[in-house]
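Here's a quick tour in questions and answers. Take a look at the structure first, then read on.

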Amino acid sequence: MIKFYYSGAPNPMKVALFLEESGLPYEAIPVDTRKGDQHKPEYLAINPNAKVPAIVDGDVTVFDSNAILLYLAEKTKKFMPENTPKARGELLSWLMFVASGVGPFSGQSVHFRNYGPEKIDYAINRYMYEAQRHFGILDDRLAKRRYMLGNTYTIVDMAVWGWARLVPTVLGEAAWMKFQNLNGSSMRSALARQLSALSR
Ligand SMILES: N[C@@H](CCC(=O)N[C@@H](CS)C(=O)NCC(=O)O)C(=O)O
């Protein structure tokens, strides 16, 4: 059975959504990152980067949320777009955009706004500006499509949902008004709505 190392933070929640949507059997193993469990040698052997999520599937270990989504989607042949070079190009582009743009900039925006020991205007403004710009790109794309890659719900939507559900935390309560396509699309899955409600 797949071992899923998680916390309730955005990146692990993307993988939780996949596991629940796909019905794959898994064992959920909490990692208390507030206590520093991610730095213990036994967890570093699974993810040397000391972050959640990670999975262990038999003799296969995968860390980094979007890598895990891709691994699980390829394994189960679920939540993938059609098998054409064009669709694969889009899949990889948007998965990497969420992994390297939306996630890190949103995370830093939350950090500097809420957890930094001092309020540094330059850092707060830079990360908020970039996070907002990234969410705007997702919203524009969803203005013309039901899901990120067209008519089919895929792992890209799960990756987007992990962060989109936190738009009010990243950018303030009023921000959803600006990103109505994103809100509508990322909450289209019933499980996504349930998980969002649970983690509020
Ligand atoms: N690129 C990684 C980032 C993982 C990450 O930043 N995880 C956060 C939770 S969302 C974490 O483990 N934080 C604890 C820490 O930084 O010590 C991914 O997508 O999985």
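Q: What is the radius of gyration of the protein chain?
A: This is a predicted model, where local features need pLDDT of at least 70, side-chain atom pairs need 80 or more, and totals for chains, interfaces and linings use all residues. Residues count from 1 along each chain as its sequence is written, and side-chain values use heavy atoms, without hydrogens or water. A compact globule of 200 residues would come out near 16 Å (2.2 Å times the number of residues to the power 0.38, over C-alpha atoms). The protein chain agrees with that, at 17 Å.

Q: Which helix gives the most to the shell around the ligand?
A: That shell (heavy atoms within 4 Å) includes Ala9, Pro10, Asn11 and Pro12. With 3 residues, the top helix covers residues 10–22, and that's α1.

Q: How much of the ligand's exposed area does the protein bury?
A: Polar contacts are N or O pairs within 3.5 Å. A polar side-chain atom of Gln38 sits 2.6 Å from a ligand oxygen, while one of Asp64 is 2.8 Å from a ligand nitrogen. On its own the ligand exposes 510 Å² (Shrake-Rupley, 1.4 Å probe), and the protein buries 73%.

How values were computed: Polar contact = N/O pair within 3.5 Å; in protein donor to acceptor, adjacent residues only side chain to side chain. Helix = DSSP H or I, 4+ residues; strand = E, 2+ residues; numbered from the N terminus.
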